[in-house]
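Please open the model in your viewer and keep a selection panel at hand.

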Amino acid sequence: MTATEAGSSGFAVIDLGAGWREPDQHLDEPRQWRTRSLALALAVALTAALGGAAVDPPGATEFARVTLDTDVHDGRYSIVGDVVLVPDRGNLSAYELRDGSRRWRVPAVGLVSPPFVTPTAEADVVVLEQAEADAGVQTRVIDLADGATLWRSSVSVASVDDVAVEYAVMPHPEEIAGGAPLPPADLRVFDLRSGQVRWRLRGDAVTVDLAARTGWAISATGAVTVHDLRDGQVRRTGTLRLPEGRVYAATAADGVLALGIAQGDSLFEEHFETATFEAIDQSSPLWARTDCGPSWCALAAKPGGEEADPVVVDRADGRVRFRLPANSHGTPSAAGLLVFTSDLDQPARSGLAVLQDPVTGRVLHDLAGWTRPDLQPYPPIFLTREVGPAGAGRLQIARLTPDGLRPLTELPFRVRGCAFAEHALVCLHDGNQLTFWRLRG
């Protein structure tokens with residue numbers, strides 16, 4: 001079982017305890033735990049299973065329960081700010097995370113994905129993807145305070161802070177292969193609350209780096225302009241040394257600007273450092289990389305286009321610190337590097353493998369049997385695992401902290417799925433029950 005499974009069930013809310021804050025604040029702040037006899041017994045058992053030192057255990061307290069009108073489909077609920085959003089019989093409801101009371105309910109016909117796009121202190125909204133055939137609406141922005149629709153759009157958007165940017169549309173393959181000049185790109189950046197266009201990102205190819213809050217405009221000659229994503233102000237300019245061909249697409253993330261280049265019918269990629277605009281050699285492990293905390297996780301290309309085993313690379317000098325197992329990847333956490341395996345031939349063997357020191361590669365914990373719930377803050381701060389008979393077991397929960405993997409609790413029933421905040425938990429179980437819990441520790 002994974003903690004993201006949801007079915008015909010209700011919510012359980014976990015006691016937030018004194019000093020609870022919104023889930024996006026101070027994710028790794030240490031807490032003092034209260035000792036309870038039952039939690040102590042649980043912690044001893046869990047600690048032995050994890051192979052770690054004994055810790056003062058916290059508990060989990062159910063403080064509210066809601067009976068839903070209908071079953072909740074898999075993954076269709078989430079904690080957003082200080083509310084829990086739940087699609088329920090054609091409606092979207094918001095329940096208070098502090099006490100389980102319903103804040104509002106609005107019609108949400110045609111919802112095609114979970115409520116998503118992180119709300120912010122500036123905007124305090126949630127963005128829904130919808131498919132409403134008559135109105136042709138794809139995006140709907142709702143005020144978290146009262147459920148009022150603030151604006152709608154016929155384009156899909158990604159949001160960060162108090163802005164939303166529409167997704168770039170890739171040229172049709174026939175246009176790229178045909179050799180004719182491609183139309184310039186033009187992306188609108190909206191105010192997230194009002195829906196008004198703040199500014200437009202224009203170039204022969206454009207992209208946004210949401211993590212860096214930047215917009216990138218690239219010309220056919222390689223001229224680059226980097227804009228502040230919120231207001232369009234120019235941050236930097238420079239020039240890329242492009243190969244022959246036409247730029248037809250761009251992406252920017254993790255310090256890499258990747259450009260799609262067309263040479264006649266041939267399509268390939270060129271990668272550049274966003275900090276220096278220098279080209280990255282394809283044989284370098286920095287060619288394709290992702291965030292692994294103090295290091296990069298990367299794949300080094302071999303001659304002939306084969307990919308080497310994944311490696312962990314020093315951010316400062318680009319040297320390989322250690323190698324990861326084949327078909328694996330890493331995700332940073334407060335406790336260290338979570339290493340996941342992926343075996344297409346034997347999917348049962350896929351999942352969490354170990355927790356490693358992201359600098360030295362030293363194995364800190366064997367994580368076999370544990371999973372990482374999707375419905376939680378990122379970087380992840382919780383791991384879960386099922387204990388007991390397959391498909392009918394209970395859910396154990398552990399917290400990832402700078403001191404290591406810390407056992408929290410074991411829920412007293414079979415849950416269909418849970419969503420996590422820093423000190424709160426909302427779970428589905430027993431058909432259509434939504435239970436709220438407070439976590440301490």
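Predicted model: local features only at pLDDT ≥ 70, side-chain atom pairs only at ≥ 80, totals over all residues.

Residues are numbered from 1 along each chain as its sequence is written, and side-chain values use heavy atoms, with hydrogens and water left out.

Switch to a cartoon, and the secondary structure comes to 2 helices and 34 strands, taken as DSSP runs (helices H or I of at least four residues, strands E of at least two) and numbered from the N terminus. With a surface displayed instead, the accessible area comes to about 20200 Å², of which 49% belongs to carbon and sulfur atoms; such areas come from the Shrake-Rupley method with a 1.4 Å probe, and for residues only the protein chains shown count as cover.

Select C292 and C297, which are joined with an S to S distance of 1.8 Å and are both buried. The torsion about their S-S bond is about -105°, so the disulfide of C292 and C297 is left-handed.

Move on to C418 and C427, whose sulfur atoms lie 2.1 Å apart in a disulfide. Here the torsion about the S-S bond is about 105°, so this disulfide is right-handed. C418 is buried, with a relative accessible area of 0%, and C427 is likewise buried at 0%.

Which residues of the largest nonpolar core touch the most other members? Among its 17 residues they are V84, Y95, L97, L434 and F436, a nonpolar core being a set of buried Ala, Val, Leu, Ile, Met, Phe, Trp, Tyr and Cys residues joined through side-chain atoms within 4.5 Å. The elements that give two or more residues to this core are β2 (60-67), β4 (83-88), β32 (417-421), β33 (424-430) and β34 (433-439), and β33 gives the most, with 3 residues.

Finally, centre the view on V84: leaving aside its neighbours within four places in sequence, V84 is in contact (heavy atoms within 4.5 Å) with S78, I79, S93, A94, Y95, L97, V426 and F436.

Conventions: Disulfide = S-S within 2.5 Å. Buried < 20%, exposed > 50% of the residue type's maximum accessible area, 1.4 Å probe, protein only.
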